[in-house]
Amino acid sequence: MALPATATHPDTVREGRSFLDHLKDSGAFGIGQILVKLTSLITLPVLIKTLGEHDYGRLATVNAASGLLVWVVLWSLPSATVRFLAGVQDRTHVARVHSCAVLVIVGSTAFWLGILSAGLSVWGADALGDPLLPYLAMLLSTFTALVSLFMTSYRIRDENRRYVSVDMAFTVLNAIVLVTAVLYWQELTALLIALVGFKAVRSIWLTVQFTRHFGFAAPDWEGFKPFWTFSLPLLFPQAMAWMTNLSDRLIIGIYHSQEVVGIYAANYNLSILVNHLTAAVFFAFTPTFSRLWSAGDTNQFGSLAVRSANAMLAVGLPVVVAISCLSPLVMSLLATGAVAQASLWIVPFVAVGLLLNAFAGYGGEVMMLNRLTGRIVLQSAVGAGTNLILNIILVPVYPLAGAAIATLLSFGVLFGTSIVLSRAAFRLRFDLGFALKVVISAAFMTFCFELVSANLWHRALIAPIAGATYVGSLYVLSGMPTLADMRAKLETT
């Protein structure tokens, strides 16, 4: 499979950026993601207290279904555009690729809507109680796919902070639409119609912005082949990733009620904060990983992977500790007593699992850069298969804790599998010494919370002290480097 000629031409690739530049982008994206998540958490009490746990569970089921459908219309094309177009200056080439991608998304939507219509007419009533909901899930996935495709254009241009600002603006607007719709109609179907309409508006706006920068060009199907052949094999891993992340909602719904789905989804909504933060690292570093690999600089790639992994762990683990210790208090304020009571059986397990999933991304990145799609499929199948088997075994007996433990174990298996399978292409060497320092510092942080475990509000008050304890412990264990030493490390490429 040949790369587009412009993808590796030296004149099209920008100069190397320092590690500090990447951290700034990661920080900006991370802050943006925290604000995005806070927006989501602010809307949680409005949703669950207005709709009730039953309809919130139905909403979680629709979102889970949409999360699967998006991959059969998007076909992982953003992965290919970032992989092959990062640093490319030929705007016409970029426009032609995206024209092809849009036609693929629209054509896929038409096909699956036809299948959906035939399926509903043959099999009858919708299990969710409203025949319109599957269609709304399909449309939601389509506009989500278009948004995902055009948002990658900012990453192609290395405009990471622009990406963050656009994402934040639309996230706030989405929250306003959501709250307005749920308070006005107080009904799930009307809420989903409003969200689909807003997502459509966002995709149109992004299309206009893309056209202003890159122009419009007719599709070039011959030039699109490398993108298509790169993306198509990734459909199976994406479906398996969905199974690992979201299928537990459907399994809980099969064995139990939509109320139980709602309780689990609400707590998962807090745990996912870990995913938002760790994604900030990959967001900033992935285009550089691609450029280094295309240039054959594997030594620099390995060094950057280790340093970015250190940053991910140093931020991710204390966040896991904080949200786990504070989850009962947070969920009692944001949701219901039943949700808060279940939080300690869900949040810690899911949060640790999501952190392991983030580190599994390094092995996946190596395999993707080497186009070892067969191994990516195998890695995904192992993780998803583990998750499915464990959910089937545990969820009927332990609906909430069983699903959370299955998530943790399956992500652990996914991490181990990704590292083993990627070694043939490139041997990742994580900094285990630094990891031990982070774990010890996080243990001190946990001890601070446990000192006041009898009172949740005291835990909230002591959180700043626990955070300072973590930072101070890590600083001491790292040898108390001077400010000049730290700056010198950060400013290297």
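User: Is Tyr 362 buried or exposed?
Analyst: Tyr 362 is buried, at a relative accessible area of 2%. Buried means under 20% relative accessible area, exposed over 50%, and partly exposed in between (1.4 Å probe, protein chains only). Bear in mind this is a predicted model: local features need pLDDT of at least 70 and side-chain atom pairs count only at pLDDT 80 or more, while totals for chains, interfaces and linings use all residues. Residues are numbered from 1 along each chain as its sequence is written, and side-chain values use heavy atoms, with hydrogens and water left out.

User: OK, how many aromatic pairs does a search of the whole structure find?
Analyst: The search turns up 17. Rings of Phe, Tyr and Trp (its six-membered ring) pair if their centres lie within 6.5 Å; planes under 30 degrees apart are stacked, over 60 edge-to-face, the rest tilted. One of the pairs is Tyr 362 with Phe 430: the centres are 5.9 Å apart and the planes at 80°, so they're edge-to-face.

User: And is Phe 430 buried, exposed or partly exposed?
Analyst: Phe 430 is partly exposed, at 25% relative accessibility.

User: Which residues do ring pairs link into a cluster?
Analyst: That's Trp 75, Phe 84, Trp 221, Phe 224, Phe 227, Trp 228 and Phe 230.

User: Switching to cysteines: how many disulfides?
Analyst: The structure has 0 disulfides (pairs of cysteine sulfur atoms within 2.5 Å).

User: What about Cys 100 and Cys 448, buried or exposed?
Analyst: Cys 100 is buried at 0% relative accessible area, and Cys 448 is buried too, at 11%.
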